[in-house]
Amino acid sequence: MNGKENPNPVRTSLWRNARLATLREELGPLGVIENGAIAARGERIVYAGLEAGLPPELARADQIFDCEGRWVTPALIDCHTHIVHGGNRAREFQLRLEGATYEEIARAGGGIASTVEATNALSVDALVEAALPRLDALLAEGVSTVEIKSGYGLNVETELKMLRAARRLENLRPVRIVTTYLAVHATPPEYRGRNGDYIAEVVLPGLAAAHAEGLADAVDGFCEGIAFSPAEIGLVFDKAKSLGLPVKLHAEQLSDLGGAKLAASYGALSADHLEYLDAAGAAAMARAGTVAVLLPGAFYTLREKQLPPVEALRETGTRIAIATDCNPGTSPLTSLLLTMNMSATLFRLTLEECLAGVTREAARALGILGETGTIEAGKSADLAIWNIDQPAELIYRIGFNPLRERIFKGERILR
């Protein structure tokens with residue numbers, strides 16, 4: 001430094017007098033540290049442990065915040081959303097109340113197709129404007145990372161437009177956005193009965209364009225009788241792998257087509273929904289390290305009766321994450337706190353499974369566990385500070401948000 005002071009020194013921050021739920025597995029359930037402290041240098045955690053063990057130089061941090069005995073968790077992660085879209089599907093919700101099934105609505109031109117029409121009509125600016133209230137609702141509950149899928153364009157330009165809108169959100173809010181290319185979501189009317197042509201003429205060229213523009217962090221598909229077969233999904237996954245992009249899959253939501261086993265064979269980050277997953281599929285996922293992402297919002301909204309095989313996932317050691325699946329038709333849900341309550345109440349997940357499912361395992365499902373999802377040295381300082389007496393309150397309360405403040409990359413964001 002030639003004897004001169006650094007004109008832009010990295011600031012150190014300290015959160016003391018805290019009860020930490022670090023979600024570090026080696027520390028036991030929830031990774032609890034009582035009388036804890038967290039120190040960050042710039043965006044990175046440099047210490048997370050007992051306050052009594054804090055190095056002296058960190059005890060003299062530039063900023064010191066007294067948590068006053070509050071609980072601190074990793075900032076929450078919503079690892080499966082469709083928050084960039086046009087329009088809404090309240091009318092279809094009414095039809096389902098009157099007895100129509102998801103498949104009947106889809107085959108009659110509703111469902112995804114109706115959102116496709118509304119989304120194609122919007123500019124990137126309009127898509128951003130429409131998505132911001134949904135994003136803000138998530139952030140207000142301590143979320144700092146959100147995955148956003150395309151899939152409502154079904155043509156090259158609008159798929160790219162959706163991803164551009166998702167990327168722009170990261171510049172407008174203090175949040176980490178992870179983008180996913182999902183053009184194999186539904187077949188547009190002009191390609192009905194010609195899935196192969198749609199994949200060859202739209203999906204694969206769109207994927208190449210998204211990759212070239214740096215718009216896609218991963219590739220997804222919808223493997224279902226009303227969508228795409230395993231063989232068709234395989235064509236897209238082959239292209240993704242050739243581009244070096246990880247894959248994930250909507251699988252076994254309405255039937256068992258073996259989608260989870262297909263995803264596992266490609267080393268997928270996750271397979272999502274999984275209500276009809278069989279034991280062999282769960283075992284294949286466990287061997288591949290593919291995370292099971294459960295989506296209780298869709299289960300609830302569609303009034304499904306087939307529960308995902310949680311016990312089989314536990315027995316095979318498959319990691320479990322949970323997410324809102326925020327979308328206009330089957331899960332118009334923008335609360336990860338309510339998602340945890342639904343996961344516990346409907347799917348009988350434990351307290352640890354719920355909290356890990358929106359932190360550590362959600363990060364794993366996005367391939368970013370090295371960056372966030374637990375509180376430990378080296379990771380991004382993404383934290384949530386709560387006005388609660390015990391972690392169970394985050395799951396047991398309904399319609400209640402106890403967030404005190406959110407920390408993203410070391411910066412405080414007050415409610």
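Within how many Å do the axes of helix H7 and H8 come, and at roughly what angle do they cross? The views below are of a predicted model, in which local features need pLDDT of at least 70, side-chain atom pairs count only at pLDDT 80 or more, and totals for chains, interfaces and linings use all residues. Residues are numbered from 1 along each chain as its sequence is written, and side-chain values use heavy atoms, without hydrogens and water.

**View 1. Helices H7 and H8.** The axes of H7 (residues 195-212) and H8 come within 11 Å and cross at roughly 20 degrees. H7 is therefore roughly parallel to H8 (angles under 35 degrees). Axes are lines fitted to C-alpha atoms over the stretch in contact, with angles from 0 to 180 degrees between N-to-C directions. Helices are DSSP runs (H or I, at least four residues), and strands are runs of E of at least two, numbered from the N terminus. Residues of H7 including Ile 199 and Leu 207 meet residues of H8, among them Leu 235 and Val 236 (heavy atoms within 4.5 Å).

**View 2. Tyr 191 and Tyr 198.** Rings of Phe, Tyr and Trp (its six-membered ring) pair if their centres lie within 6.5 Å; planes under 30 degrees apart count as stacked, over 60 as edge-to-face and the rest as tilted. There are five aromatic pairs. The pair of Tyr 191 and Tyr 198 is tilted, with 5.6 Å centre to centre and 55 degrees between the planes. Tyr 198 is buried at 0% relative accessible area (buried means under 20%, with a 1.4 Å probe and protein chains only).

**View 3. Phe 237 and Tyr 266.** This pair is edge-to-face, because the ring centres are 5.3 Å apart and the planes are at 75 degrees. Phe 237 is in helix H8 (residues 230-242), and Tyr 266 is in the loop between helix H9 (259-265) and strand S11 (270-273). Both Phe 237 and Tyr 266 are buried.

Technical notes: Buried < 20%, exposed > 50% of the residue type's maximum accessible area, 1.4 Å probe, protein only. Parallel < 35°, antiparallel > 145°, perpendicular 65-115°, else oblique.
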